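Hi,

Here is the structure we spoke about. Please open it first, then read my notes below.

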Amino acid sequence: DDNEMLATGPKGSLGILKALSEQVTENAYEWMHDRGIDFEPYQKEGVGDLDVDLFYEYQFQENMVGEFSIGVRVPTAKKREYSSNPYYTPLGNGGHWELKAGGMVAWQPAKTIGLKGEAFYSVVLEATEERAASFKNALVKNIGPKADVDVDWNYFVARVDANLQHPSTSDITGTVGYEFFYKKAENLKFTKTKMQSWLGKKLTAGSFVDDTYELSSALATEDTQAIGHRVRWEASYIMSDWFELLWGGCWTFAGKNIPREFDGHLGFNIAF
């Protein structure tokens, strides 16, 4: 009818809306890219952190030994900076010093099997990082403009390993183990209480002024507690008096707020 033609025709309200929408070519990914955010794979190359450990070892029995250790992780890797990729994680601790203490007990009940248990607790000291801003009442986190935060955290690791040896030769050995990882929720505080979002300035009384929003440290620390369950394995073959070949891997099969990762390694030892 005539009313429908007025609405859908070239000069009607729906026709004008259709024409305006056809002029917009920017999709969500383009909009994020223009604000410095890109969702894409990445590679990390560089120097990691340096671990320095001191330990004391004591032999309880002929087939049982214990060890106590303390250590420090020196942040020789690059400090964590704001990244345009939300998936990016820094090498090492991202500029944090770390203190840790732990112990180990190894027992060999038989010639073909050895058992080892170890655990340590680490305190990652406070440092300033560049992260994505988390605004109060926001529905999305870890995606936003750059903001400075003071942050620290603690974590605990425990491992149990069974070292197996071939009954007919000592040249073939293997290890099967389980690892438990627990990280407490981060202690995080933004260095500013408010900042401007991607929405930009607002028009007030004929001029543009800053439109700041409150930052939320509580929102930024949500889901930073992590739990991981991992199985590990390694096999070794001593081919000669001077050459040993080894290979193995590990798999994070369950957890909370942690990637389900699979790692593999291949290596060798040479004696001179």
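Arginine 232 and glutamate 179 form a salt bridge (a side-chain nitrogen of Lys or Arg within 4 Å of a carboxyl oxygen of Asp or Glu), with their closest N and O atoms 4.0 Å apart. The pair links distant parts of the chain: arginine 232 sits in strand β12 (residues 226-238) and glutamate 179 in strand β6 (residues 172-183), 53 residues apart. Strands here are DSSP runs of E, at least two residues long, numbered from the N terminus. Arginine 232 is partly exposed, at 22% relative accessible area. Glutamate 179 is buried, at 12%. Buried means under 20%, exposed over 50%, partly exposed in between (1.4 Å probe, protein chains only).

This is a predicted model: local features need pLDDT of at least 70, side-chain atom pairs need 80 or more, and totals for chains, interfaces and linings use all residues. Numbering starts from 1 along each chain as its sequence is written, and side-chain values use heavy atoms, without hydrogens or water.

The salt bridge count is 15. One of them joins aspartate 53 to lysine 100, at 3.9 Å between the closest N and O atoms. Aspartate 53 is in β1 (residues 50-61) and lysine 100 in β3, so this pair ties together parts 47 residues apart in sequence. Lysine 100 is buried, at 18%.

Now the strands. β3 and β4 pair antiparallel over 11 bridges (pairing takes at least two DSSP bridges). They form a hairpin with 2 residues between them. Valine 105 has glycine 117 in β4 as its bridge partner.

Best wishes

How values were computed: Helix = DSSP H or I, 4+ residues; strand = E, 2+ residues; numbered from the N terminus.
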